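Dear colleague,

I am handing over the structure below, followed by notes on what was found in it. Please read the notes with the coordinates open beside you.

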Amino acid sequence: MAQTYEVETADERTVKYCLYGAEDGAPVVAHHGTPGSRWERPDVVAAIEDSGLRVLLFGRPGYGSTRKLGRAVVEVAADVAALADAQGWDRFAVTGFSGGGPHAFATAALLPDRVVRCSTVSGIAPPGTAAFESLDWAADARRGETFLRDQLGRSGQDIMRELSSGSDAGRVERMRASCIEGLDGWIDDYLALSKPWGFDPRDVQAPVDVWFGSEDDNSTPAHAEWLLATLPSATAREYVGGHDPDDAVQRLIFGALRGFK
């Protein structure tokens, strides 16, 4: 696992993060999925290293970082500002995978003078849209934390068994890393994503790439359609595949974020 660093926030929380890629690379703040981790898979680390980027991947509250009960999606922007300040980054790109997508948009919307480019990969539309309501966990999230803790505890075990029966050791380790510090982050992500996000995606001014898989049955293409119709600066980036893009697409995603300092 990569070395973990920490930054203290104004409200006395600790945010943990890892750094990947060239020290002098173009800076990118990455928002992991739901569940997720500051520890990246080896194949993605290799893609980052080949991209010429410097990627900061941090754990949202509850994912190793201090938990923040009742957090809203919009609040992530303040944490990103503190992380970027600690690196001396005045301007940077942001990217978010799956449940990290709304957090990337929040960062871009709240920090318009600092975020120069934004991308989401297998991102989701907000609650109240038909796309969001079709998510298999949307109804569960509205039943509250107690229900989610029991449900996700069992779901995590099922996912690990399914992944362990395959040949992708990297995804097994990533899932294990996502839950090694508990279920709080996963639970709080679902709760935050299923209530108003606290910002308007239309406020994102930076250029946006909306990456989505043609065969994604998790974040279906309907999510991308809503995002593309709503964000004024969005460009469609469809790839052949499912929710988690393969290595070649990962390299395209990072390549699209390259080119600024």
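In what follows, Ala, Val, Leu, Ile, Met, Phe, Trp, Tyr, Cys and Pro count as nonpolar, Asp, Glu, Lys and Arg as charged, and the others, Gly among them, as polar. The model is a predicted one, in which local features need pLDDT of at least 70 and side-chain atom pairs count only at pLDDT 80 or more, while totals for chains, interfaces and linings use all residues. Residues are numbered from 1 along each chain as its sequence is written, and side-chain values use heavy atoms, with hydrogens and water left out.

A cavity here is a set of points, on a 1 Å grid over the protein atoms alone, where a 1.4 Å probe fits but cannot get out, and its lining residues have an atom within 4 Å of a point. Among the residues lining the largest cavity are Arg13, Arg60, Lys68 and His103, and its lining divides into three nonpolar, one polar and six charged residues.

His103 also takes part in a helix contact (heavy atoms within 4.5 Å). Helices are DSSP runs of H or I with at least four residues, and strands are runs of E with at least two, numbered from the N terminus. The axes, lines fitted to C-alpha atoms over the stretch in contact, with angles from 0 to 180 degrees between N-to-C directions, of α2 (residues 76-87) and α3 (residues 101-110) come within 8 Å and cross at roughly 75°. That makes α2 roughly perpendicular to α3 (65 to 115 degrees). Val76, Ala77 and Val80 of α2 meet His103, Ala106, Thr107 and Leu110 of α3.

Two backbone details deserve a look. A cis peptide bond, with omega about -5°, joins Thr34 and Pro35, and Pro35 lies in the loop between β3 (26-31) and α1 (42-51).  Glu12, in the loop between β1 (5-8) and β2 (14-21), has a positive phi near 65°.

Best regards

Methods: On a 1 Å grid over the protein atoms alone, a cavity is a set of points where a 1.4 Å probe fits but cannot get out, and a pocket is an open set with protein on both sides within 12 Å along at least five of seven lines; lining residues have an atom within 4 Å of a point. Angles under 35 degrees count as roughly parallel, over 145 as roughly antiparallel, 65 to 115 as roughly perpendicular and the rest as oblique.
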